[in-house]
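Please look through the model shown below before reading on. The report then takes up its parts one after another.

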Amino acid sequence: MKSFKKELWFNIPTRRGFVHITHDIQDLISESGIQEGLCLVNAMHITASVFINDNESGLHQDYEKWLEKLAPEKPYSQYAHNGYEDNADAHLKRTIMGREVVVAITEGRLDLGPWEAIFYGEFDGKRDKRVLLKIIGE
Ligand code: ZN
C-alpha cells in the first residue's frame, strides 16, 4: 500500500468564505499516482471546515444566512468563549459544517457523485490556515 500526504494553504481576506478545492485535490491525487484507494481531506484548524456539496453560488449565500441564524457572529459578548477571543461563532459554524471528507479514488479520479464538489469553509479568516490531504491506496 502506498501513502501520500500534502498540505494546502489558505489565507482568506474576509472573516468567512468558501473555496472550491475539487480540482486542487484531483491534481494532488494525480501527483500521488494512486489509482485505487481513499482520500482524506481535513481542515487543520478548529474554525474552518472541509465539506462536500453543490458548487452553486445561491447555496453558498444560503449557508451564510443559515449559519448566521444558528450562530450569529455578533454580539461577541453573547458567547462564554469570547473572553479573550471573538471567534466563538466560528467554532460553532465549523462544528456544523464538519471537519473532513473522505472520498473514494477509482481509476486515479475522485469518485464523486454528479453534483458533488469539495469546499474549504473559512469562518475566522485573515490568517494562514492549512488543509491536510492524505491518500492511501495502490
Ligand atoms: Zn476561539
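## Strand 7

In this report a residue is called buried if its relative accessible area is under 20%, exposed if that area is over 50%, and partly exposed in between. The structure is a predicted model, and the descriptions below should be read with that in mind. Strand 7 covers residues 117-122, and because six of its six residues are buried, the strand is largely enclosed by the rest of the structure. In a regular strand the side chains alternate between the two faces of the sheet. In strand 7, Ala117, Phe119 and Gly121 point one way while Ile118, Tyr120 and Glu122 point the other way, and all of them are buried.

Strand 7 has pairing partners as well. Strand 2, made of residues 17-20, pairs with strand 7 in the antiparallel sense over four bridges, and within strand 7 the residue opposite histidine 20 is phenylalanine 119. Strand 4, made of residues 48-53, also pairs with strand 7 in the antiparallel sense, here over six bridges, and asparagine 53 has alanine 117 of strand 7 as its bridge partner.

## Helix 1 and threonine 22

Helix 1 runs over residues 22-32, and its buried residues are Thr22, Ile25, Gln26, Leu28, Ile29 and Ser32. Seen down the helix axis, these buried residues fall within an arc of 160 degrees, so they line one face of helix 1. An α-helix has 3.6 residues a turn, so residues three or four places apart point the same way. The exposed residues His23 and Asp27 are carried on the face of helix 1 that is turned away from its buried side. After helix 1 comes glycine 33, with a positive phi near 80 degrees.

Threonine 22, which belongs to helix 1, counts as buried because its relative accessibility is 10%, which is under the 20% limit. Its side chain reaches the backbone nitrogen of isoleucine 118 at 2.8 Å. If residues up to four places away in sequence are not counted, threonine 22 touches Leu110, Leu112, Ala117 and Ile118.

Strand 1 is joined by nine bridges to strand 8, residues 129-137, and the two run antiparallel. Phenylalanine 4 has isoleucine 135 of strand 8 standing opposite.

## The zinc site

The zinc ion is coordinated at 2.0 to 2.4 Å by His81 through NE2, Glu85 through OE, Asn87 through OD1 and His91 through NE2. In sequence, these donor residues follow the spacing H-x3-E-x1-N-x3-H. The angles among the four donor atoms are 77 to 152 degrees, and the site is irregular.

Glutamate 85 counts as partly exposed because its relative accessibility is 40%, whereas asparagine 87 is buried, with a relative accessible area of 4%.

## Alanine 90 in helix 3

Alanine 90 is found in helix 3, residues 88-97, and is buried because its relative accessible area is 0%. Leaving aside neighbours within four places in sequence, alanine 90 is in contact with Ile46, Thr47, Phe123 and Asp124. Alanine 90 and aspartate 62 are 28 residues apart in sequence, and their C-alpha atoms are 17 Å apart in space.

Terms used
Residues are numbered from 1 along each chain as its sequence is written. This is a predicted model: local features need pLDDT of at least 70, side-chain atom pairs count only at pLDDT 80 or more; totals for chains, interfaces and linings use all residues. Side-chain values use heavy atoms; hydrogens and water are left out. Donors are N, O and S atoms within 2.8 Å of the metal (3.2 Å for Na, K and Ca); water is not among the atoms, so sites may look incomplete. Four donors count as tetrahedral if all angles lie between 85 and 135 degrees; four count as square planar and six as octahedral if opposite donors are over 155 degrees apart and all others between 65 and 115; anything else is irregular. Buried means under 20% relative accessible area, exposed over 50%, partly exposed in between (1.4 Å probe, protein chains only). Two strands pair if DSSP finds at least two bridges between them. The arc is that of the directions from the helix axis to the C-beta atoms. A polar contact is a pair of N or O atoms within 3.5 Å; within protein, one must be able to donate a hydrogen and the other to accept it, and residues adjacent in sequence count only if both atoms are side-chain atoms. Contact means heavy atoms within 4.5 Å.
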